[in-house]
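This briefing goes through the salt bridges, the aromatic pairs, the nonpolar core and surface, and some contacts between separate parts of the chain. Please read it beside the sequence and the structure shown here.

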Amino acid sequence: MICLLLMVSPAQARLDQGEEVPNYVRSDITGFDFHDQDLSKSSIAGAIARDANFSGVDLHGTVLTLSDLKGSNLQGINLTDTLSDRVNFQKTDLRNAILTNMIAAGSSFAGARIEGADFTYAVLDSDDQKNLCKIAEGINPVTGIATKDSLECASQGETYKPAMPGR
């Protein structure tokens with residue numbers, strides 16, 4: 001019955017500690033405005049979330065598997081420690097996002113804006129990594145890490161000067 005409830009519409013699930021976390025499993029949340037919300041440790045798996053506003057949202061520890069976020073505003077989002085495999089990040093705004101330790105194998109970032117995004121230790125397909133290195137610039141305002149450094153662009157044959165302060 002709980003599984004059915006999660007599949008029908010956005011619902012609240014409880015953690016063992018009694019804390020509520022939002023879940024949008026297989027939901028259509030196209031165009032929703034989640035700006036600056038704490039959705040950490042939630043599940044947005046299999047969701048359609050095109051053109052949604054996730055700017056400033058804390059999604060660390062979230063499951064985004066098989067979701068479609070095409071055209072969404074993800075500016076300043078925290079996607080640390082997320083399972084984001086096979087996610088459509090096409091044409092998303094990921095400026096100043098924190099994507100550390102994110103698993104994004106099989107995901108697509110075509111047309112995404114990534115200025116200032118921190119991909120440190122993110123697991124990406126090698127083609128995505130190469131393509132992101134071509135457009136990588138800026139420094140994340142929270143972590144202080146240069147986007148090119150976080151994508152390890154130097155190991156992809158890119159030549160540049162590290163932009164990290166103090167180096």
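The structure holds 4 salt bridges, a salt bridge being a side-chain nitrogen of Lys or Arg within 4 Å of a carboxyl oxygen of Asp or Glu. This is a predicted model, in which local features need pLDDT of at least 70 and side-chain atom pairs count only at pLDDT 80 or more, while totals for chains, interfaces and linings use all residues. Residues are numbered from 1 along each chain as its sequence is written, and side-chain values use heavy atoms, with hydrogens and water left out.

**Salt bridges**

- Arginine 50 and aspartate 68 meet through their side chains in a salt bridge of 2.6 Å, N to O; the pair links distant parts of the chain, 18 residues apart, with both residues in the loop between E2 and H2 (helices, H or I, of at least four residues and strands, E, of at least two are DSSP runs, numbered from the N terminus).
- Arginine 50 is partly exposed at a relative accessible area of 33%, whereas aspartate 68 is buried at 16% (buried means under 20% relative accessible area, exposed over 50% and partly exposed in between, with a 1.4 Å probe and protein chains only).
- Another salt bridge joins the side chains of arginine 86 and aspartate 85 at 3.0 Å, N to O; arginine 86 is partly exposed, with 46% relative accessibility, and aspartate 85 is buried, with a relative accessible area of 14%.
- In the salt bridge between aspartate 93 and arginine 95, the closest N and O atoms are 2.6 Å apart; aspartate 93 is buried at 11% relative accessible area, while arginine 95 is partly exposed at 22%.

**Aromatic pairs**

- A search of the whole structure finds 5 aromatic pairs, for which ring centres of Phe, Tyr and Trp (its six-membered ring) must lie within 6.5 Å, with planes under 30 degrees apart counted as stacked, over 60 as edge-to-face and the rest as tilted.
- The rings of tyrosine 24 and phenylalanine 34 have centres 5.4 Å apart and planes at 65°, so this pair is edge-to-face; tyrosine 24 and phenylalanine 34 are both in the loop between strand E2 (20-23) and helix H2 (126-135), 10 residues apart, and both are buried.
- The rings of phenylalanine 89 and phenylalanine 109 are stacked, because their centres are 4.8 Å apart and their planes are at 5°; phenylalanine 89 is buried at 0% relative accessible area and phenylalanine 109 is buried at 3%.
- Tyr24, Phe32, Phe34 and Phe54 form one aromatic cluster.

**Nonpolar core and surface**

- The largest nonpolar core has 35 residues, and those with the most contacts inside it are Phe54, Phe109 and Phe119; such a core is a set of buried Ala, Val, Leu, Ile, Met, Phe, Trp, Tyr and Cys residues joined through side-chain atoms within 4.5 Å.
- Val63, Leu83, Ile103 and Val123 form a nonpolar patch on the surface, with about 270 Å² of accessible area together.
- Valine 123 lies in the loop between E2 and H2 and is partly exposed, with a relative accessible area of 42%.

**Approaches across the sequence**

- Valine 21, found in strand E2, counts as buried at 5% relative accessibility, and its C-alpha atom is separated by 5.5 Å from that of serine 42, 21 residues apart along the chain.
- Threonine 82 lies in the loop between E2 and H2 and is buried, with a relative accessible area of 2%.

Note on methods:
Patch = residues over 30% accessible without salt bridge, like charges linked within 9 Å, V, L, I, M, F, W, Y side chains within 5 Å. Areas by Shrake-Rupley, 256 points an atom, 1.4 Å probe, with all protein chains shown as cover.
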